[in-house]
Amino acid sequence: MAETTTQGRAALFSPYKMSKFNLSHRVVLAPMTRCRALNWIPQPAMAEYYTQRSTPGGFLISEGTLISPTAPGFPHVPGIYSEEQVGAWRKIVDAVHAKGSVFFCQLWHVGRASHIVYQPRGAPPISSTSKPISARWRILLPDGSYGVYPEPRALKTYEIPDIVQHYRQAAVNAIRAGFDGIEIHGAHGYLIDQFLKDGINDRTDEYGGSLENRCRFLVEVVQAVVSAIGADRVAVRISPAIDHLDAMDSDPLRLGLAVVERLNKLQQELGSKLTYLHVTQPRYTAYGQTESGRPGSEEEEAHLMRNLRKAYQGTFMCSGGFTRDLAIEAVAQGDADLVSFGRLYISNPDLVLRLKVNAPLNKYNRKTFYTQDPVVGYTDYPFLNQESGPKSLSRL
């Protein structure tokens, strides 16, 4: 494995030019829902959380951030659609920038992965379809209990441009809040993925049926956001092979390549590249095993990811179950330019330093992932050198 060579280890911690941003290493904070906002407004504890994980020349992606009042599917998550939210985010972004990191905001709409308790006036969640998520999945409700996903309402064709506009305005708001750019969340069974996947999308209009039609919503969102803030501030995340929340497709590789083809075409038309494409590995799971219950094939995973990597004309980021050795190998072999970490970054605020020196990692506590405590399970994980705390990161 590449990890055994000095060159292999060095690749993950080498500088990288991502669009107009100069990164000092390839380890990225993945976007992760943490439920520490209040009334959809970012809180001061979030500034500490993100700055703990900031490094000079590092790259952070925010947790999924709501584009509109119809977007939530978790309690206590932040939005970016109101002036109060923009102002609250600005303080957090300023703190991250003061530590020298680049910070992107992930724009999020969960679509049918919501509940009437989260929707304005108790309306049904919106989606590409009226099919609900199956009963084998449960939704976290505001009181801490788990409920069944309700039947969504399929968007009318004439309503879709309004949703596209919500993404566009959220991107503008994110830049106003000081973010360096945005990532469009088109993965993991949420709204955009509900249009992309043929296991969900049963539409008969121009947004359903063929691959071209199923990709249309994502393409329109990307075009709208790029027109507002520029291609070099826009990234896209997809997960063609992930069946989280029943997001299944009959041909994940074909779907992934169709998305890549359209993003490449858009970049050519613009004469400018997007910041990056972020793809979740098929081995990603929410609960520690493949969502379908069947073992994943490492050979199939590698084939899918390498084909997408080869096809995409731009910076390629991977995520999903990476260990230190797997990340080192991915970058050293050219399978990824950047690797994002989720759960390991939750429990290791100084993850970059720990990976670089191959230090032991703190274990994460899954029970505190989605609680509202501003400290416990959030900002209280110890640094490698607890006495010096975050200052130890300055050595990178």
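**View 1. Phe103 is a buried residue, with a relative accessible area of 0%.** Buried means under 20% relative accessible area, computed with a 1.4 Å probe on protein chains only. Trp89 is buried as well, and its relative accessible area is 0%. The model is predicted: local features need pLDDT of at least 70, side-chain atom pairs count only at pLDDT 80 or more, and totals for chains, interfaces and linings use all residues. Residues are numbered from 1 along each chain as its sequence is written, and side-chain values use heavy atoms, with hydrogens and water left out.

**View 2. Aromatic pairs of the structure number 20.** Rings of Phe, Tyr and Trp (its six-membered ring) pair if their centres lie within 6.5 Å; planes under 30 degrees apart count as stacked, over 60 as edge-to-face and the rest as tilted. Trp89 and Phe103 are edge-to-face because their planes stand at 70°, with ring centres 6.5 Å apart. Trp89 lies in helix H3 (residues 83-98) and Phe103 in strand S5, 14 residues apart, so the pair links distant parts of the chain. Helices (H or I, at least four residues) and strands (E, at least two) are DSSP runs, numbered from the N terminus. One aromatic cluster is formed by Tyr49, Tyr50, Trp89, Phe103, Phe179 and Tyr378.

**View 3. Phe104 and Tyr276 form a tilted pair.** Their ring centres are 5.9 Å apart and their planes meet at 35°. This pair also links distant parts of the chain: Phe104 is in strand S5 and Tyr276 in strand S12 (residues 276-280), 172 residues apart. Both Phe104 and Tyr276 are buried.

**View 4. The largest cavity has a volume of about 30 Å³.** On a 1 Å grid over the protein atoms alone, a cavity is a set of points where a 1.4 Å probe fits but cannot get out; lining residues have an atom within 4 Å of a point. Grid points are joined across faces, edges and corners, and the volume is the space filled by probe spheres set on the points. The lining consists of Gly186, Asp193, Leu196, Ile238, Ser239, Pro240, Leu255, Gly256 and Val259. Helix H5 (191-196) and helix H7 (252-270) each give two or more residues to this lining, and H7 has the largest share, three residues.

**View 5. Confidence is highest in strand S5 (residues 102-108), at a mean pLDDT of 99, and lowest in helix H1 (residues 6-12), at 75.** pLDDT is the predictor's confidence in each residue, from 0 to 100. The protein has a mean pLDDT of 93, and 91% of its residues reach 70 or more.

Conventions
1 Å grid on protein atoms, 1.4 Å probe; cavity = no way out; pocket = protein on both sides within 12 Å on 5 of 7 lines; lining within 4 Å. Buried < 20%, exposed > 50% of the residue type's maximum accessible area, 1.4 Å probe, protein only.
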